[in-house]
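Biologist: Please show me the model. I will ask about its helices, its cores and its charged pairs.

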Amino acid sequence: QLLLATGANAFNPVRAKEGAVPCHCLRTFADALYAIERCRGRRALVVGGGILGLEAAVALRELQAQVTVVELGERILAMQADGEASARLKVDLEALGLNIQTGKTVQELTADGALLTDGSFVAADFVLVSIGVRSEVALAKEMGLAVNRGIAVDEAMRTGVPNVYAAGDCAEYAGRVAGLWNVAAAQGKVAGAAMAGDEAAYAPPIAATAFETAGIRFFSAGTFAGEHLTRYAREDGFTGATRRLYFKGGRLCGAVFYGDVRQSGAALTLIERGAPFADAAALLN
């Protein structure tokens, strides 16, 4: 039996010409050390308004860097937050000194910074790119396996070749490469069981995000965008903490908490169960 667990590489579409400002991805510990060395007290441009890009931006700001974040989408954390949480997070991050610009990205790097796609210019001494990963599939292609964004697998992590499996960041299940640690762990367990001859079937875990830094606390899980969802919300008038629950077909399918995230574990468990409103309503108390 053969398992391909070749992982993924950081994706960087930003191309720097000779003499342009340094541009790197954040993937390894060495990358983190290099960014710290280059950015302390200087001007940094972070490309990508996802969870990792924002965490990096806050960390660089704590190193007294002047930090600008550019995000191609219309809002930050578009995949991990609903519209209200995205807007509030942007305000809170800007209060920390970050400059966040959405609806644009880098068009070209120069020796002094970056020209953006809307024609504006950001002065920078260092550019850090955090916009996702791309599966490492070179070996799979050489073997003749079916490859799309990742190595195509079924519910048992089998590829199209007998006795060959794939799991983790290199694997594509149901048309999606998750690129998340909990998904890789779940797929690895299924692949190991299947390779040992046991019956095993992969079920994608509920997506969950936690962002806790510089006094900001945010949590989301499940589905909170799309049609036919019913939303219930509560805001604490004293602390400003908000909790929003999303239901589909009368069952809890998503939750977004901001400020008070103490019930995040309970919320995730109830989403996994598809709890009815009567069981989930306590999350709003």
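Biologist: Which residues of helix 2 are buried?
Modeller: This is a predicted model, where local features need pLDDT of at least 70, side-chain atom pairs count only at pLDDT 80 or more, and totals for chains, interfaces and linings use all residues. Numbering runs from 1 along each chain as its sequence is written, and side-chain values use heavy atoms, with hydrogens and water left out. Buried means under 20% relative accessible area, exposed over 50%, and partly exposed in between (1.4 Å probe, protein chains only). In helix 2, the buried residues are Ile51, Gly53, Leu54, Ala56, Ala57, Val58 and Leu60.

Biologist: What covers the buried residues of helix 2?
Modeller: Contact means heavy atoms within 4.5 Å. The cover includes strand 4 (43–47), strand 5 (66–71), strand 10 (126–129) and strand 15 (208–213). Among the covering elements are also two helices, helix 1 (29–39) and helix 3 (83–95).

Biologist: Which residues does Leu93 touch?
Modeller: Leu93 is one of the core residues that touch the most other members. Leave out residues up to four places away in sequence. Leu93 then touches Leu54, Val58, Ile76, Leu98, Ile100, Phe211 and Ile216.

Biologist: Is Asp82 buried or exposed?
Modeller: Asp82 sits in the loop between strand 5 and helix 3. Beyond four places in sequence, Asp82 is in contact with Arg75, Phe224, Arg244, Tyr246 and Val256. With a relative accessible area of 4%, Asp82 is buried.

Biologist: Which residues are linked with Asp125 in a network of salt bridges?
Modeller: A salt bridge is a side-chain nitrogen of Lys or Arg within 4 Å of a carboxyl oxygen of Asp or Glu. Asp125 meets one arginine, Arg42, at 3.9 Å, N to O, and another, Arg43, at 3.0 Å, N to O. Arg43 lies in strand 4 and Asp125 in the loop between strand 9 and strand 10, so this pair ties together parts that are 82 residues apart in sequence. The network links Asp125 with Arg42 and Arg43.

Biologist: Is Asp125 buried or exposed?
Modeller: Arg42 is partly exposed at 37% relative accessibility. Arg43 is partly exposed too, at 30%. Asp125 has a relative accessible area of 18%, so Asp125 is buried.

Biologist: How many salt bridges does the structure hold?
Modeller: One of them joins Asp260 and Arg262 at 2.9 Å, N to O. Arg262 counts as exposed, at 74% relative accessibility. The number of salt bridges in the structure is 12.

Terms used. Helices (H or I, at least four residues) and strands (E, at least two) are DSSP runs, numbered from the N terminus. A nonpolar core is a set of buried Ala, Val, Leu, Ile, Met, Phe, Trp, Tyr and Cys residues joined through side-chain atoms within 4.5 Å.
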